[in-house]
Amino acid sequence: MTATDSPAYPSFPEGSDAFPHRNLLGIAGLQPWEIQYLLAEAEQWVALNQQSSKHDDRLAGLTVINAFFENSTRTLLSFEIAGKRLGADVVNMHAAQSSIKKGETLIDTAMTLNAMRADAIVIRHGSSGAVQLIADKVDCPVLNAGDGSHEHPTQALLDALTIRRRKGEIGGLKIAICGDILHSRVARSNIICLTTLGAEVRVVGPPSLMPNAIEAMQVTAFTDFDAALDGVDVVMMLRLQNERMQGQFIPSTREYRRLYGLTEERLTRAAPDALVMHPGPMNRGVEIDSNVADDPSRSSVTEQVEMGVAMRMACLDVLTRRARKVEGWS
């Protein structure tokens, strides 16, 4: 199945007009049909990944570099599996093993990676804008695997794919995103993605973890978690980004759990069939209780991981079509 023959999606422009971007650096700037196109393209990989043989050779002969300047388990493993299932040669570069630790500048690293003639580079970096800087210096497509507090586009896409498969159309859904909105690139990318697709998005958290003028992103801001949950179709929990906090943002994790922890009792305020999401890693007993996170009828936590591989396969496939001279991708 391809994006253009799935009855669940509208028709798309042909070839490169469907997704004319060289890189995937963020959700900001993407049109609704471009997001929908990537979601639809991922469906074929969801199906493949559920088969006993999970391999496709369309990226055979291509080299994908995963350059992670920040620690990661889920995202790095997901991109590595995605590249290998498509037949690519995948090389992982960890910051602790790189010359960055010896004083090499980010631009020098970008030029070094470019000289190796990679066919796609996946980058995670702790500084907002660093991925854009590297993308400007290399000749191949770049995928942003998270940069600082800026964006994490493939996480938002896999979350949208999960919601769509559980709920059907995203447009018109009421979605609450709760937690550390201020520091979360996942929150930012999801807000942009979900509002672009027509969802009503609520954000909730302590005032100290809520960005100024967040309403400009077409969301409704709450500090009362119970009020924010009223009738929502999806509850997306976020962990506290302690590694990005400079200073004291909450009195204690115990107090945070009391006000913003998702419990079974609190979840009753949402719609009866509300979907519970979490991008991981979870702080069980802080932002979410185990009995909620592990409820197979309500929680999509493991499904999000599964959709992540399929979504990243779709992005690698689409962004390398020009280099592979796929018909219509000039």
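1. Lys167 and Asp273 form a salt bridge, with their closest N and O atoms 3.4 Å apart; the term denotes a side-chain nitrogen of Lys or Arg within 4 Å of a carboxyl oxygen of Asp or Glu. Lys167 belongs to helix H5, while Asp273 sits in the loop between helix H9 (264-267) and strand E9 (275-277), so the pair ties together parts that are 106 residues apart in sequence. Helices (H or I, at least four residues) and strands (E, at least two) are DSSP runs, numbered from the N terminus. Lys167 counts as partly exposed, at 23% relative accessibility; buried means under 20% relative accessible area, exposed over 50%, and partly exposed in between (1.4 Å probe, protein chains only).

2. The model is a predicted one, in which local features need pLDDT of at least 70 and side-chain atom pairs count only at pLDDT 80 or more, whereas totals for chains, interfaces and linings use all residues. Residues are numbered from 1 along each chain as its sequence is written, and side-chain values use heavy atoms, with hydrogens and water left out.

3. A further salt bridge joins the side chains of Arg257 and Asp289 (2.8 Å, N to O). This pair links distant parts of the chain, 32 residues apart: Arg257 is in helix H8 (residues 253-260) and Asp289 in the loop between E9 and helix H10 (290-293). Are the two partners buried or exposed? Arg257 counts as partly exposed at 30% relative accessibility, whereas Asp289 counts as buried at 13%.

4. Arg284 forms a salt bridge with Asp294, the closest N and O atoms lying 3.0 Å apart. Arg284 is found in the loop between E9 and H10, and Asp294 in the loop between H10 and H11, so this pair ties together parts 10 residues apart in sequence. Arg284 is partly exposed, with a relative accessible area of 40%, and Asp294 counts as partly exposed at 47%.

5. The structure holds 17 salt bridges. Salt bridges also link Glu41, Asp56, Arg58, Asp317, Arg321 and Arg324 in a network.

6. The largest pocket has a volume of about 640 Å³. On a 1 Å grid over the protein atoms alone, a pocket is an open set of points where a 1.4 Å probe fits, with protein on both sides within 12 Å along at least five of seven lines; lining residues have an atom within 4 Å of a point. Its lining has 34 residues, of which Thr75, Arg124, Pro279, Gly280 and Pro281 lie nearest the centre. By class, the lining has 11 nonpolar, 15 polar and 8 charged residues. Helices H2 (74-85), H5 (153-167), H6 (185-196) and H11 (301-319) each supply at least two lining residues, and H11 gives the most, with 6.

7. On the surface, Ile107, Met111 and Leu133 form a nonpolar patch with about 240 Å² of accessible area together. Such a patch joins nonpolar side chains within 5 Å, from residues with over 30% relative accessible area and no salt bridge. Leu133 lies in helix H4 (residues 130-135) and is partly exposed, with a relative accessible area of 32%.

8. Trp33 is part of helix H1 (residues 32-49) and is partly exposed, its relative accessible area being 41%. Trp33 and Thr196 are 163 residues apart in sequence and 9.7 Å apart in space, C-alpha to C-alpha.

Note on methods: Points joined across faces, edges and corners; volume = space filled by probe spheres on them. Nonpolar A, V, L, I, M, F, W, Y, C, P; charged D, E, K, R; others polar. Patch = residues over 30% accessible without salt bridge, like charges linked within 9 Å, V, L, I, M, F, W, Y side chains within 5 Å. Areas by Shrake-Rupley, 256 points an atom, 1.4 Å probe, with all protein chains shown as cover.
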